[in-house]
Amino acid sequence: MSNANDLFERQEMIGPPLKVRGSLTLKEDVRADTIDVVGHLSAQKNVTTAKLKVSGDCSIGGHCRAEQVINLGGLRVQHIQADRLQSSGYFSAAEDAALETFYAEGAVKIHRLTAESSIELRLGNRSTIDVIKSSGTITVKPSLKLMNALIPYFRKLTCKTIEGTSIMLYRTTADLVSGEDIIIGPGCSIGEIRYTKSLTVDPKSQVARTVFLNK
């Protein structure tokens, strides 16, 4: 997808591994082969790494470039560019998150999320993503941890625009959903749907307007 792989072929850009066990604030650009945050890391500028793993709390004030991101705690960024991002804690991107694949089970707050291959969000809490775009699949489902539990009202996704090829939504509120094959599951409230192949809407959801676009 991105030029992320090119970054990791340029070994002169990558420094030794960085492990954060206590609290660390870095005011300069960070370049590390791997970054493992168990405590608290505040990186005020850009971060470049092959693998970022957050078990504690991490905030990045500049642009984060990584091949793989695993978030088990709290991760807050301005911009992020990565091949794979997996989050089961809290993840926020104030501006853009540009990825190859995105998987989250927890709470997310993102301005603009784009992924070339797939986006999967398992609703474990209230999430907000202004714009979602993917050339592949977009899936919003209940959290695996909550399949046999009563889903409280606040576990939902709020968006402005969702655009993908194959889209499956659950408990999602959006102004516009656009794609080829679209499945609207229960608990959704959609302003307008534009589709080119197929559309299925659960009777427990509300859709104000549907438009079939004949290519």
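Accessible areas here come from the Shrake-Rupley method with a 1.4 Å probe, and for residues only the protein chains shown count as cover.

**Figure 1. The whole chain at a glance.** The protein exposes about 10,400 Å², with carbon and sulfur atoms supplying 47% of that. This is a predicted model, where local features need pLDDT of at least 70, side-chain atom pairs count only at pLDDT 80 or more, and totals for chains, interfaces and linings use all residues. Residues are numbered from 1 along each chain as its sequence is written, and side-chain values use heavy atoms, with hydrogens and water left out. The protein has 1 helix and 15 strands; these are DSSP runs numbered from the N terminus, with helices being H or I of at least four residues and strands being E of at least two. Of its 215 residues, 46% count as buried. Buried means under 20% relative accessible area, exposed means over 50%, and partly exposed is in between (1.4 Å probe, protein chains only). As for contacts (heavy atoms within 4.5 Å), take those between residues at least 6 apart in sequence: 15% of them join residues at least 24 apart.

**Figure 2. Into the largest nonpolar core.** A nonpolar core is a set of buried Ala, Val, Leu, Ile, Met, Phe, Trp, Tyr and Cys residues joined through side-chain atoms within 4.5 Å. The largest one here has 53 residues, and Phe91 and Phe102 have the most contacts inside it. Strand S8 (residues 90-123) gives the largest share of this core, 13 residues. Look around phenylalanine 102 and, leaving aside neighbours within four places in sequence, you'll find it in contact with Leu85, Phe91, Val108, Ile110, Leu113, Ser118, Ile119 and Glu120.

**Figure 3. Serine 92 and its surroundings.** Serine 92 also sits in strand S8. At 12% relative accessibility, serine 92 counts as buried. Once neighbours within four places in sequence are set aside, serine 92 is in contact with Leu75, Arg76, Val77 and Lys109.

Figure 4. Side chains of opposite charge can pair when their charged atoms come close. For a salt bridge, the cut-off is a side-chain nitrogen of Lys or Arg within 4 Å of a carboxyl oxygen of Asp or Glu. A search of the whole structure turns up 7 salt bridges. In one of them, aspartate 57 pairs with arginine 76, and the closest N and O atoms are 2.7 Å apart. The pair links distant parts of the chain, with aspartate 57 in strand S6 (residues 57-71) and arginine 76 in strand S7 (residues 74-87), 19 residues apart. Both ends are partly exposed: aspartate 57 at 25% relative accessibility and arginine 76 at 36%.

**Figure 5. Lysine 197 and glutamate 180 across two strands.** Here lysine 197 forms a salt bridge with glutamate 180, the closest N and O atoms being 3.5 Å apart. Lysine 197 lies in strand S14 (residues 189-201) and glutamate 180 in strand S13 (residues 172-184), so the pair ties together parts that are 17 residues apart in sequence. Lysine 197 is exposed, with a relative accessible area of 55%.

**Figure 6. A network around glutamate 192.** Glutamate 192 and arginine 194 form a salt bridge whose closest N and O atoms are 2.5 Å apart. Salt bridges that share partners join Glu192, Arg194 and Arg209 into one network. Glutamate 192 counts as buried at 14% relative accessibility, whereas arginine 194, at 34%, counts as partly exposed.

**Figure 7. Arginine 155, buried without a salt bridge.** Arginine 155 belongs to the loop between strand S10 (137-142) and strand S11 (157-163). Despite being buried, arginine 155 has no salt bridge, and the nearest side chain of opposite charge, glutamate 105, is 9.1 Å away. (Lys and Arg count as positive and Asp and Glu as negative; His and the chain ends are not counted.) What the side chain of arginine 155 does reach is the backbone oxygen of glycine 124, at 2.8 Å.

**Figure 8. Arginine 171 with a positive phi.** Phi of arginine 171 is near 45°, a positive value in a residue other than glycine. Arginine 171 lies in the loop between strand S12 (166-169) and S13. At 17% relative accessibility, arginine 171 counts as buried.

How values were computed
Polar contact = N/O pair within 3.5 Å; in protein donor to acceptor, adjacent residues only side chain to side chain.
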